Amino acid sequence: MTDSLDNLAKALAQFAQAREWQPFHSPKNLASALVVEAGELLEHFQWLTEEQSRALPPAQREAVAAEVADVLLYLVQLASALGIDPVAAAQAKMQVNAQKYPVDLARGHSRKYDAL
């Protein structure tokens, strides 16, 4: 992990350890919590237009930032529990996506690669 994500993972581990939460932080439970938090993030955008979603008022943007933090925290904890470097995994996935979505075929539209 990058230093900042590695430091975050260590801080999260210390936070959980101080509260004796490790028994509850199984990969299944962390993945479930991640999905719940992602749903809470989505809730802020429900019923907004595209334009509204790009121009959130400050208070709503702050609330969204808190949900983004929750999603990130659970994702980092899940990656740590499984011994996955999320940055390395993301870089590898970007390479896969570059092959799946070649620029000349994917530019300017949102169709899935198999529909190109």
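Tutor: D6 and K10 both belong to helix α1 and stand four residues apart, about one turn of the helix. Helices here are DSSP runs of H or I with at least four residues, strands are runs of E with at least two, and both are numbered from the N terminus. The model is a predicted one, in which local features need pLDDT of at least 70, side-chain atom pairs count only at pLDDT 80 or more, and totals for chains, interfaces and linings use all residues. Residues are numbered from 1 along each chain as its sequence is written, and side-chain values use heavy atoms, with hydrogens and water left out.

Between D6 and K10 there is a salt bridge, with the closest N and O atoms 3.1 Å apart. The term requires a side-chain nitrogen of Lys or Arg within 4 Å of a carboxyl oxygen of Asp or Glu. Side chains of opposite charge can pair when their charged atoms come close. The structure holds one salt bridge. D6 is partly exposed at 25% relative accessibility, and K10 is partly exposed at 47%. On this scale buried means under 20% relative accessible area, exposed means over 50%, and partly exposed lies in between, using a 1.4 Å probe and protein chains only.

The next item is a ring pair. The structure holds one aromatic pair. F15 and W21 form this pair in an edge-to-face arrangement, with 5.6 Å from centre to centre and 70° between the planes. Rings of Phe, Tyr and Trp (its six-membered ring) pair if their centres lie within 6.5 Å; planes under 30 degrees apart are stacked, those over 60 are edge-to-face, and the rest are tilted. F15 is partly exposed, with a relative accessible area of 41%, and W21 is partly exposed at 35%.

The charged end of R19 sits over the ring of F15, 3.5 Å from its centre. The charged end of R19 also sits over the ring of W21, 5.9 Å from that ring's centre. To count, NZ of Lys or CZ of Arg must be within 6 Å of the ring centre and within 35 degrees of the ring normal.

E20 lies in the loop between α1 and α2. E20 has a positive phi of about 55° although it is not a glycine. E20 is exposed, with a relative accessible area of 60%.

The elements giving two or more residues to the lining are α1 (3-18) and α4 (58-82). The largest share, five residues, comes from α1. By type the lining has six nonpolar residues, five polar and no charged. Ala, Val, Leu, Ile, Met, Phe, Trp, Tyr, Cys and Pro count as nonpolar, Asp, Glu, Lys and Arg as charged, and the others, Gly among them, as polar.
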